[in-house]
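Work through these exercises with the sequence and the 3D view open. Try each task before reading its solution.

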Amino acid sequence: MKDFWEWQAERDLRAYDAMQVALENLPEQIAELREKLTELRSPGADSGGHGGGGSADSRVINLLCLIDDRERTMKETRRKAKQIQRALECLNGEEKMVLQAFFIDGQKNAADNLAGKLGIERKAVYYRRSNAI
């Protein structure tokens with residue numbers, strides 16, 4: 001049975017690529033939300049409350065909440081991605097290769113592929129994976 005920290009490390013490694021994509025996309029999402037907020041606050045913006053979404057005040061509050069949520073998500077994602085990067089930097093090249101194949105890339109037949117590439121048995125690949133985690 002895996003310890004909780006092992007399960008969490010594997011989960012984080014599997015999510016690493018998605019974290020990188022999120023860190024690319026979140027700033028753009030935040031900028032778009034800020035632009036909508038600016039448009040809503042600008043003179044002449046509809047304050048009649050029609051057109052879906054309620055009053056202008058509630059739309060402003062909603063946009064502020066969305067911006068806050070995206071900024072918090074970006075901060076947490078950046079922190080987690082840096083944590084993973086630091087951990088990977090502590091490993092040797094072979095250990096990184098094993099974790100990359102199994103978790104980050106999610107390669108099918110990772111053990112067989114790595115065994116052939118490294119010239120070792122599958123059992124040894126799993127042993128190295130366990131040690132790298």
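**Exercise 1. Lysine in a helix**

In which helix is Lys-80 found? Then decide whether Lys-80 is buried or exposed, and list its contacts.

Solution. The model is a predicted one.
- Step 1: Lys-80 is found in helix H2.
- Step 2: The relative accessible area of Lys-80 is 14%. Buried means under 20%, so Lys-80 is buried.
- Step 3: Set aside the neighbours within four places in sequence. Lys-80 is then in contact with Gln-8, Asp-12 and Met-19.

**Exercise 2. Another residue of H2**

Locate Glu-71, classify its accessibility, and find what it touches.

Solution. 
- Step 1: Glu-71 also belongs to helix H2.
- Step 2: Its relative accessibility is 30%.
- Step 3: Not counting residues up to four places away in sequence, Glu-71 touches Ile-30 and Arg-34.
- Step 4: Check a distance across the sequence. Glu-71 and Leu-26 are 45 residues apart along the chain, and their C-alpha atoms are separated by 7.9 Å.

**Exercise 3. The largest nonpolar core**

Which residues of the largest nonpolar core touch the most other members? Which element gives the most to this core?

Solution. 
- Step 1: The core has 21 residues, and those touching the most other members are Leu-13, Leu-88, Leu-99, Phe-102 and Val-125.
- Step 2: H3 gives the most, with six residues.
- Step 3: Take Leu-99 and leave out residues up to four places away in sequence. Leu-99 touches Leu-13, Leu-88, Leu-91, Ile-104, Arg-129, Ala-132 and Ile-133.
- Step 4: Look for a second core. A separate one has nine residues, including Ile-30, Leu-33, Leu-40 and Val-60.

**Exercise 4. Helix H3 from start to end**

Describe the start of H3, its buried residues, and what follows the helix.

Solution. 
- Step 1: Begin at the start of H3. A side-chain oxygen of Asn-92 comes within 3.0 Å of the backbone nitrogen of Glu-94.
- Step 2: Pick out the buried residues of H3. They are Val-98, Leu-99, Ala-101, Phe-102, Phe-103 and Ile-104.
- Step 3: Find their partners. The buried residues of H3 pack against H1, H2, H4 and H5.
- Step 4: Gly-106 follows H3 and has a positive phi, near 60°.

**Exercise 5. Two helix pairs**

At roughly what angle do the axes of H3 and H5 cross? At about what angle do H4 and H5 pack?

Solution. 
- Step 1: The axes of H3 and H5 come within 9 Å and cross at roughly 100°. Angles of 65 to 115 degrees count as roughly perpendicular, so H3 and H5 are roughly perpendicular to each other.
- Step 2: From H3, the contact uses Glu-94, Glu-95, Val-98, Leu-99, Phe-102 and Phe-103; from H5, it uses Val-125, Tyr-126, Arg-128, Arg-129 and Ala-132. By class, these are seven nonpolar, no polar and four charged.
- Step 3: H4 and H5 pack at about 100°, with axes 8 Å apart. This pair, too, is therefore roughly perpendicular.
- Step 4: Ala-111, Asp-112, Leu-114, Ala-115 and Leu-118 of H4 meet Arg-122, Val-125, Tyr-126 and Arg-128 of H5. The contact of H4 with H5 has six nonpolar, no polar and three charged residues.

Terms used
Residues numbered from 1 in each chain as written. Predicted model: local features only at pLDDT ≥ 70, side-chain atom pairs only at ≥ 80, totals over all residues. Heavy atoms only, no water. Core = buried A, V, L, I, M, F, W, Y, C linked by side-chain atoms within 4.5 Å. Buried < 20%, exposed > 50% of the residue type's maximum accessible area, 1.4 Å probe, protein only. Helix = DSSP H or I, 4+ residues; strand = E, 2+ residues; numbered from the N terminus. Contact = heavy atoms within 4.5 Å. Axes fitted to C-alpha atoms, helices over the stretch in contact; angles between N-to-C directions. Parallel < 35°, antiparallel > 145°, perpendicular 65-115°, else oblique. Nonpolar A, V, L, I, M, F, W, Y, C, P; charged D, E, K, R; others polar. Polar contact = N/O pair within 3.5 Å; in protein donor to acceptor, adjacent residues only side chain to side chain.
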